[in-house]
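Subject: Structure for your review

Dear colleague,

Please find the structure below, together with its sequence. I would be grateful if you would look through it alongside the notes that follow.

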Amino acid sequence: MRNILFLACFFCASQALAQEETMSLTLSQAIEIAQANSPEAESARNTYRSAYWSYRFYKANYLPSVTLSSSPYFNRQISKITQNDGTSLFMKQNQLGFDVNMSINQNIWFTGGNLFIQSKVNRMDELENKTTSYNTQPVVIGYQQAIFGYNSLKWDRRIEPVQFRQARKAYNEALELIASQTCNYFFNLASAQTNLDIASSNYASADTLYRYAQGRYNIGTITESDMLQLEINKLSEETNMMNARIEVENQMQILRSFLGIKDEVTLKVIPEKEVPKFEIPLVDALKMAFENSPEPEYFERQKLQSQSNLASARANAGLKADLYVKFGLSQTGEKLKDAYRDPMNQQYASIGISLPL
């Protein structure tokens, strides 16, 4: 009875598999699918994209940037106002202000400073007196610089290209590792399918011998002991065939999952008839390893990062000074055109010094 149930289950499973779609794969096709759709490939691509956009952001720090800003405000309150004679009075304020500021900034990587050009327009309306005034700064040129400080722009210029090269090589390495793993899963399934074919052939032979033996036993040409031995051999080969079938299903599921194939298709792998022969001399292997492996870039980046951290620690522990200078033109007027007429020059310079004790 147990054998009958066993055969029924095997027959149903075989019929179900026969109704499924079958996909034949060569090794090159399997590798192509794995490198395009596998979860490992998707993870590697996302990691590389992150490194790519980080590198693009780093490159943008060395390009000019244009900023347009505005900070309108409404002020209606009683405030403490200092008078011309030095006294202070609480006075009511009712103001509406509006400004537009356009700035062009350029980072200077070898000094770590920032050069900027600005143009500003300010309008203030006194709602209580119904007056309007303008203040303009048509052109303002300035520069700010941290003296004796840590120059992050200089160190990023040395570290970021190495880090991006490491990410690019790591992505290529990940694709090759995916191809290598695909080979393992591909030939595991190929071996399981071959074992199933052998087991099926052995079972067919054992079943045929058993059927012939039944006829000979009925006419008395073989003993009962021989008959039972052939039956045991048939059941053993049947068990081997079922185990081989289960192994095929397991290896098929592993390969299907690795390739990112979500449909329940039956995979049939087709190995190449010939294995290519190739040799890689040690010198060539070492050369390609240094050219293509991300490890050299990783160690170089670690070295540069350590030097950068040391420079930052020294800069934070020593004398600090900040330089800020600007030169420009400015004017005021009750009308906008008057605020641009005969502008006066203005200069401003400051140096801040800090020395930890």
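A residue is called buried when its relative accessible area is under 20%, exposed when that area is over 50%, and partly exposed in between. Please also keep in mind that this is a predicted model.

**Helix α2**

**The contact between α2 and α3**

Helix α2 spans residues 27-37 and helix α3 spans residues 39-60. Their axes come within 5 Å and cross at roughly 45°. The two helices are therefore oblique to each other. On the α2 side, the contact is made by A34, Q35, A36 and N37, and on the α3 side by P39, A41 and R45. Sorted by class, the residues of this contact are four nonpolar, two polar and one charged.

**The nonpolar cores**

In soluble globular proteins, nonpolar side chains tend to be buried together. Here, the largest nonpolar core has 29 residues. Those that touch the most other members are I178, L189, V248, L255, L259, L267 and V269. Two or more residues each are given to this core by α2, α3, α4, α5 and β7 (266-269). Which element provides the largest share of the core? It is α4, with 11 residues.

To return to V248, its contacts beyond four places in sequence are L189, A192, Q193 and L196. E249 is located in helix α5. With a relative accessible area of 27%, E249 is partly exposed. The C-alpha atoms of E249 and A190 are separated by 12 Å, while the two residues are 59 residues apart along the chain.

**Three loop residues**

P64 is in the loop between α3 and β2 (65-69). Its relative accessibility is 55%, so P64 counts as exposed. Setting aside neighbours within four places in sequence, P64 is in contact with N105 and Q106. P64 and Q35 are 29 residues apart along the chain, and 39 Å separates their C-alpha atoms.

K130 lies in the loop between β5 (113-126) and β6 (131-147). Although K130 is not a glycine, its phi is positive, at about 60°. Is K130 buried or exposed? K130 is exposed, as its relative accessible area is 77%.

F148 is in the loop between β6 and α4. This residue, which is other than glycine, also has a positive phi, near 65°. F148 counts as exposed, at 53% relative accessibility.

Yours sincerely,

A colleague

Terms used:
Residues are numbered from 1 along each chain as its sequence is written. This is a predicted model: local features need pLDDT of at least 70, side-chain atom pairs count only at pLDDT 80 or more; totals for chains, interfaces and linings use all residues. Side-chain values use heavy atoms; hydrogens and water are left out. Axes are lines fitted to C-alpha atoms, for helices over the stretch in contact, and angles run from 0 to 180 degrees between N-to-C directions. Helices (H or I, at least four residues) and strands (E, at least two) are DSSP runs, numbered from the N terminus. Angles under 35 degrees count as roughly parallel, over 145 as roughly antiparallel, 65 to 115 as roughly perpendicular and the rest as oblique. Contact means heavy atoms within 4.5 Å. Ala, Val, Leu, Ile, Met, Phe, Trp, Tyr, Cys and Pro count as nonpolar, Asp, Glu, Lys and Arg as charged, and the others, Gly among them, as polar. A nonpolar core is a set of buried Ala, Val, Leu, Ile, Met, Phe, Trp, Tyr and Cys residues joined through side-chain atoms within 4.5 Å. Buried means under 20% relative accessible area, exposed over 50%, partly exposed in between (1.4 Å probe, protein chains only).
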